[in-house]
Amino acid sequence: MNNKETLTGSCLCGECKYSITSELKHFFQCHCIQCRKTTASNYAANIIAVPAEINWISAEDNMKRFDYPGRGFTQVFCRTCGSGLPFIDEKGEMLFIPTGTLDSSPSIKPEANIFWGERAEWCEHGITAPKQETFNNT
């Protein structure tokens with residue numbers, strides 16, 4: 001099955017916009033400590049795709065790349081709002097697309113929660129907590 005498709009996305013402030021056409025390989029929700037730290041969240045939700053050119057529609061010069069020494073972790077983000085952005089890993093083997101930046105839903109769905117053993121202690125409680133449509137601090 002060929003999952004090649006075009007995805008578009010942007011950062012929170014809209015300064016950095018992109019388009020990518022690639023074969024989508026995997027969609028993981030990673031619970032490792034490094035992914036939780038880089039996303040400041042419960043897990044990182046990333047599509048892993050065949051390396052392809054990222055067409056930066058706007059503000060490619062407004063991005064910052066941080067390659068964590070020794071571990072192969074990378075974070076690319078908007079200098080204005082800090083949102084994570086797509087990147088090709090240091091070895092040039094994988095294209096990582098943070099799904100929170102996508103403008104629409106991809107055809108691929110999450111296939112696994114990886115590094116589950118490193119999940120936050122409160123992770124499962126968060127999944128089963130009551131659901132609300134909006135923020136309600138009453």
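**A loop serine and the core**

Modeller: Ser-83 counts as buried because its relative accessibility is 17%. Buried means under 20% relative accessible area, exposed over 50%, partly exposed in between (1.4 Å probe, protein chains only). This is a predicted model, where local features need pLDDT of at least 70, side-chain atom pairs need 80 or more, and totals for chains, interfaces and linings use all residues. Numbering starts from 1 along each chain as its sequence is written, and side-chain values use heavy atoms, without hydrogens or water.

Ser-83 sits in the loop between β6 (73-78) and β7 (87-88). Strands are DSSP E runs of at least two residues, numbered from the N terminus. The Ser-83 side chain reaches the backbone nitrogen of Leu-12 at 3.0 Å. Beyond neighbours within four places in sequence, Ser-83 is in contact (heavy atoms within 4.5 Å) with Cys-11, Leu-12, Val-76, Phe-77 and Cys-78.

The largest nonpolar core has 25 residues. Such a core is a set of buried Ala, Val, Leu, Ile, Met, Phe, Trp, Tyr and Cys residues joined through side-chain atoms within 4.5 Å. Cys-16, Tyr-18, Leu-24, Ile-47, Leu-85, Leu-95 and Ile-97 touch the most other members. At least two residues each come from β2 (17-30), β3 (44-49), β4 (54-58), β6 and β8 (95-98). β2 gives the largest share, 5 residues.

Take Ile-47. Leaving aside neighbours within four places in sequence, Ile-47 is in contact with residues including Leu-7, Leu-24, Phe-27, Leu-95, Ile-97 and Ile-108. A second, separate core of 5 residues includes Cys-32, Cys-35, Ala-44 and Phe-73.

Technical notes: Helices (H or I, at least four residues) and strands (E, at least two) are DSSP runs, numbered from the N terminus. A polar contact is a pair of N or O atoms within 3.5 Å; within protein, one must be able to donate a hydrogen and the other to accept it, and residues adjacent in sequence count only if both atoms are side-chain atoms.
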